[in-house]
Amino acid sequence: MDHIQDPISGDPKTPLLPLQDQPHRSQSFHSALKSVLTPKNFYVVLGPLLCAIICVFVKIEGPVSSRNMLAVLAWVFAWWLTQAVPMPITSMAPLFLFPLFGIASADDVAHSYMDDVIALVLGSFILALAVEHYNIHRRLALNITILFCGDPLNPPLLLLGICATTAFVSMWMHNVSAAVMMMPVATGILHRFPVGPDQTVVSSKFCRAVVLGVTYSAAVGGMSTLTGTGVNLILVGMWKSYFPEAEPISFSTWFFFGFPMALLIFLALWIILCCLYCSKSSGPALSAYLDKAHLKRELELLGPMVFAEKMILAVFSMLIVLWMTRSITDDIPGWGALFNGRAGDGTASVMMATLLFIIPNKKQEGEKLMDWNKCKKLPWNIVLLLGAGFAIADGVRTSGLADILSEALDFLEQVPYLAIAPAVCLISGTITEFTSNNATTTLVIPLLIQIAKSMNVHPLLLMIPGAIGAQFAFLLPTGTPSNIVGFTTGHIEIKDMIKVGLPLKIAGTAVLTLLMPTLGTYVFGTNEPVQ
């Protein structure tokens, strides 16, 4: 029998038709199916699927827009919680979902993504980038560490110095930025200690204390000011959105409450770290590796402060003064009164940031303190997430969903406030371990506003514990990006985070429960009816 020769390969044994291709087809079909049926793709479909189920099967007594808002919420939060789509892209979803579902017009939604709070964030981030670019944070850290080092070495005091520096830096820039900037400074000090089998128990414990201290101090310091964390900004934005007639929460108002609260939580953190990892008796064992001479040598390497550094510090100081004095008290109105209340904290923030692009740095001819290339690291993901939070808050209110939730929560009117405040903090603090602080706040705050209405109490009595509780992501590395910064140093394990994070969470909840009915009443006027 003659062989059939393949015209392409010339091989007489190769048949013209692929007789054995069926298994290959089957394999390729299975592999294609496997590549499509992945958890990631399932999570992508989950958002629209939940949205469709709510639109078709859920019946709500009220306007159709309220049901549509609930459906959109399910879609957005499904994507946020599963990270199916990058968080900044999910944060832009309201820009197309709200108009398509008849919740709000395109212009109305877009306005949520740029207001005074967003301007405050952009200006402060540009200033933070300038501080980072000129290494001012490192100079500050070394000076404070030398101050607190003690002679002979006092480990608890040194730990206090490192943590206090981080908390101070975190007050004026985002807590994640503060952790990223301060962690190399802290690990630079720890590099003097032996590693591996030569590492002693005392030095290992001190290393863990420093890394945990920097990680958590960044979070705690950020609670004290509006610019320290996105959560505080979301809270302020939602307050303005839901209660436009009420007195807005200014930078100085929040500071008078947030700073004492953060200070108490910070002291609790320091005491916990000293008890678990850093006793005073460890000084002699650590002094062999660390003394003031080393730190002074590093500071000398930075050289004297140049004109650019001094100018950035001057601009930053001026901005802090403007923030603190825009609105002081009813009797002392502050500089904001000169402009009939039209100027906000964002006005001062952007104005001061603009100066950085005008003032020369005196390094090179014609070069300014900042240029746009240095601003390319601006965290637009946080800006978009804040915008989404404000858009959702507006949508929940204008769609009528807020009123429906309020009616469903009538039974809470009988619950005493002292019992529900710690509970709110606990619920918010639990959710935030598994999703981002900002996403938790965006989800929880609108619900708490309705609960407060049902209970006939001032909304801030619940909104503030809910927002602060969302920042108590202390147990897991994935709780917040600043936790990841500490965890990736290799000095700490999850058990260390739980060992310190759990008592810190309890201490934070106790501080809030104590301060809200006392200092909170004085600062926010929570004993008066809200307009």
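Let's start in the core: of the 164 residues in the largest nonpolar core, Trp80, Phe257, Met261, Leu356, Ile464 and Leu512 touch the most other members. A nonpolar core here is a set of buried Ala, Val, Leu, Ile, Met, Phe, Trp, Tyr and Cys residues joined through side-chain atoms within 4.5 Å, and buried means under 20% relative accessible area, with exposed over 50% and partly exposed in between (1.4 Å probe, protein chains only). This is a predicted model, in which local features need pLDDT of at least 70 and side-chain atom pairs count only at pLDDT 80 or more, while totals for chains, interfaces and linings use all residues. Residues are numbered from 1 along each chain as its sequence is written, and side-chain values use heavy atoms, with hydrogens and water left out.

**Fold and confidence**
- The chain has 25 helices and zero strands, taken as DSSP runs numbered from the N terminus (helices H or I, at least four residues; strands E, at least two).
- Of its 531 residues, 52% are buried.
- Mean pLDDT (the predictor's confidence in each residue, from 0 to 100) is 82 for the chain, and 89% of residues reach 70 or more.
- Confidence is highest in helix H5 (residues 94-100), with a mean of 95, and lowest in helix H1 (residues 22-36), with a mean of 67.

**Contacts**
- Among contacts (heavy atoms within 4.5 Å) between residues at least 6 apart in sequence, 78% join residues at least 24 apart.
- Leu356 touches Ile126, Leu127, Ala130, Ile312, Val315, Lys368, Leu369 and Met370, with residues up to four places away in sequence not counted.
- Val76 sits in helix H3 and counts as buried because its relative accessibility is 1%.
- Beyond its neighbours within four places in sequence, Val76 contacts Thr90, Ala93, Leu97 and Ile392.
- Ile392 is 316 residues from Val76 in sequence, yet their C-alpha atoms are 9.6 Å apart.

**The second largest pocket**
- A pocket is an open set of points on a 1 Å grid over the protein atoms alone, where a 1.4 Å probe fits, with protein on both sides within 12 Å along at least five of seven lines; lining residues have an atom within 4 Å of a point.
- The second largest pocket holds about 730 Å³, the space filled by probe spheres set on the points, which are joined across faces, edges and corners.
- Its lining has 35 residues, with His174, Val176, Asn381, Ile382 and Pro481 nearest the centre.
- Helix H10 gives the largest share of this lining, five residues; helices supplying at least two residues include H3 (64-82), H18 (380-398) and H23 (481-487).
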